[in-house]
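I opened this structure today to look up a few local features and write each one down. My notes follow in the order in which I looked.

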Amino acid sequence: MTLSVIVVAAGSGERLGSASPKAFVTLAGKTLLENSLQPLLGLDRPLQVVVVAPEGWLTPAHTLADSVLTKGVSAHDMSFTVVAGGATRTESVRRGLAAVDAGNDYVLIHDAARALTPTEVFQRVIDALEAGHQGVIPVLPVVDTIVPVDPDTSVTAPAHPREELGAVQTPQGFHTASLKAAYEQFGGDATDDAAVLRAAGHDVVAVAGHRESVKVTYPEDLRNLERVVGGVRAPGGGVMVGTGVDVHQFDPSKPLVLGGMDFPGVAGLAGHSDGDVIVHAITDALLAASSLGDLGTHFGVNRPEYEGVASTALLTHALGLLRDAGVTPTSVSVQYIANHPKIGPVRKEMCEALSVLVGAPVHVAGTTTDGLGLTGRGEGAAAIATALVVPHELA
Ligand code: CTP
Ligand code: MG
């Protein structure tokens with residue numbers, strides 16, 4: 001049988017309250033959209049994927065879908081299209097259905113907000129379709145007691161027996177022609193597609209859902225899922241670490257700037273900028289932790305505009321790159337390695353100023369190399385930094 005999968009990702013995520021639409025919010029370093037597309041690769045069969053994205057977000061959605069769906073896929077034939085969604089989920093599904101290949105027998109409809117639905121759930125839905133059912137939904141047993149309430153939260157009737165209730169998830173699977181016909185007849189707004197099929201008089205069967213197939217709705221949902229991903233896919237729970245090292249020769253003709261502080265009367269450090277090895281090492285560590293390259297990538301010697309620039313300005317620019325990448329620094333430790341100046345007397349002031357600049361605690365230490373090497377001979381100074389960053393949602 002031929003199969004299309006519509007991934008609806010056009011919602012704004014009002015309850016999540018994020019700056020970008022919900023599907024573009026990151027979970028353990030990847031957007032919900034990327035996470036939700038990932039299990040499709042495990043199906044290992046020809047697929048047409050239709051991503052329904054918010055108006056104005058079609059290009060980023062295309063880039064993300066491309067990065068997931070065309071990676072390492074050789075065993076089967078995967079095609080995808082991105083279309084613009086509508087004001088409601090029902091309208092977004094309608095637009096997705098219009099882009100489904102006319103000849104495909106079955107269609108699955110999945111919420112991008114269910115970022116961690118495992119492949120096995122998709123497979124269960126497909127198996128039920130192949131067994132001849134017109135409509136299939138993944139359902140979880142309800143664990144809470146469900147009672148009808150009115151808006152002021154008074155309980156209005158006895159609890160419904162729990163064994164007779166189920167929580168409905170996605171992907172929901174359908175015979176394409178039946179669902180298209182059902183949507184053509186349907187005039188209202190539905191929260192799921194099985195309701196539309198049932199309204200047209202078809203039966204819908206349930207298969208087992210999955211506890212990790214949670215719909216990201218509120219900020220707490222993201223935090224809880226970060227823990228799931230942290231245990232399963234990203235040791236460290238989404239925390240990323242980076243290292244930065246910098247070395248410069250002393251140059252008595254330049255003033256010394258170290259950790260963003262001026263040291264009047266002390267020999268400075270040579271370099272394209274002010275030679276501040278401490279700030280350079282911190283910047284490199286932050287860029288590395290965020291997988292954003294290094295100092296050379298952004299401020300290399302081939303960029304004359306950075307000649308003589310304060311290193312703290314480069315750090316500020318790098319912090320902007322982190323912000324755009326959805327990453328927040330949480331901790332930085334840096335060690336200065338040279339015979340002079342001693343860090344101890346200025347440590348408190350330097351740590352405080354750098355912490356304010358970075359927006360996270362920065363600790364500065366100093367050491368010498370027992371008279372050995374270029375730092376021991378007093379030819380230059382070095383610094384080594386370690387930075388930890390997390391996705392915005394975890395900060
Ligand atoms: N969706 C959509 N188009 C809409 C509304 C929702 O494609 N106009 C999608 C969402 O992107 C999501 C799924 O439908 O993947 C389930 O919707 P929901 O979880 O309610 O997401 P939002 O509508 O974005 O969130 P909220 O209701 O908090 O605004
Ligand atoms: Mg909604």
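I began in the loop between strand 8 (166-168) and strand 9 (172-175), where I found Pro171; helices (H or I, at least four residues) and strands (E, at least two) are DSSP runs, numbered from the N terminus. The peptide bond that leads from Thr170 to Pro171 is cis, and its omega is near 5 degrees.

Before going on I noted that this is a predicted model, in which local features need pLDDT of at least 70 and side-chain atom pairs count only at pLDDT 80 or more, while totals for chains, interfaces and linings use all residues. Residues are numbered from 1 along each chain as its sequence is written, chains are lettered from A and ligands numbered from 1 in the order in which they are written, and side-chain values use heavy atoms, with hydrogens and water left out.

I then looked up another cis peptide bond, from His340 to Pro341, with omega near -10 degrees. Pro341 lies in the loop between strand 13 (327-337) and helix 11 (347-358).

In the loop between helix 8 (277-289) and helix 9 (295-299) I checked Ser291, whose phi is near 55 degrees, a positive value in a residue other than glycine.

Next I turned to ligand 1, which 18 residues surround (a heavy atom within 4 Å), the closest being Val8, Gly13, Glu14, Arg15 and Ser92. By class I noted six nonpolar residues (Ala, Val, Leu, Ile, Met, Phe, Trp, Tyr, Cys and Pro), six charged ones (Asp, Glu, Lys and Arg) and six polar ones (the others, Gly among them) in this shell.

For polar contacts (pairs of N or O atoms within 3.5 Å), I wrote down that a nitrogen atom of ligand 1 is 2.9 Å from a polar backbone atom of Gly86, and that a nitrogen atom of the ligand is 3.3 Å from a polar backbone atom of Ala87. A polar side-chain atom of Ser92 lies 2.7 Å from a nitrogen atom of ligand 1. Taken alone, ligand 1 exposes 570 Å² (Shrake-Rupley method, 1.4 Å probe), and the protein buries 88% of that.

Technical notes: A polar contact is a pair of N or O atoms within 3.5 Å; within protein, one must be able to donate a hydrogen and the other to accept it, and residues adjacent in sequence count only if both atoms are side-chain atoms.
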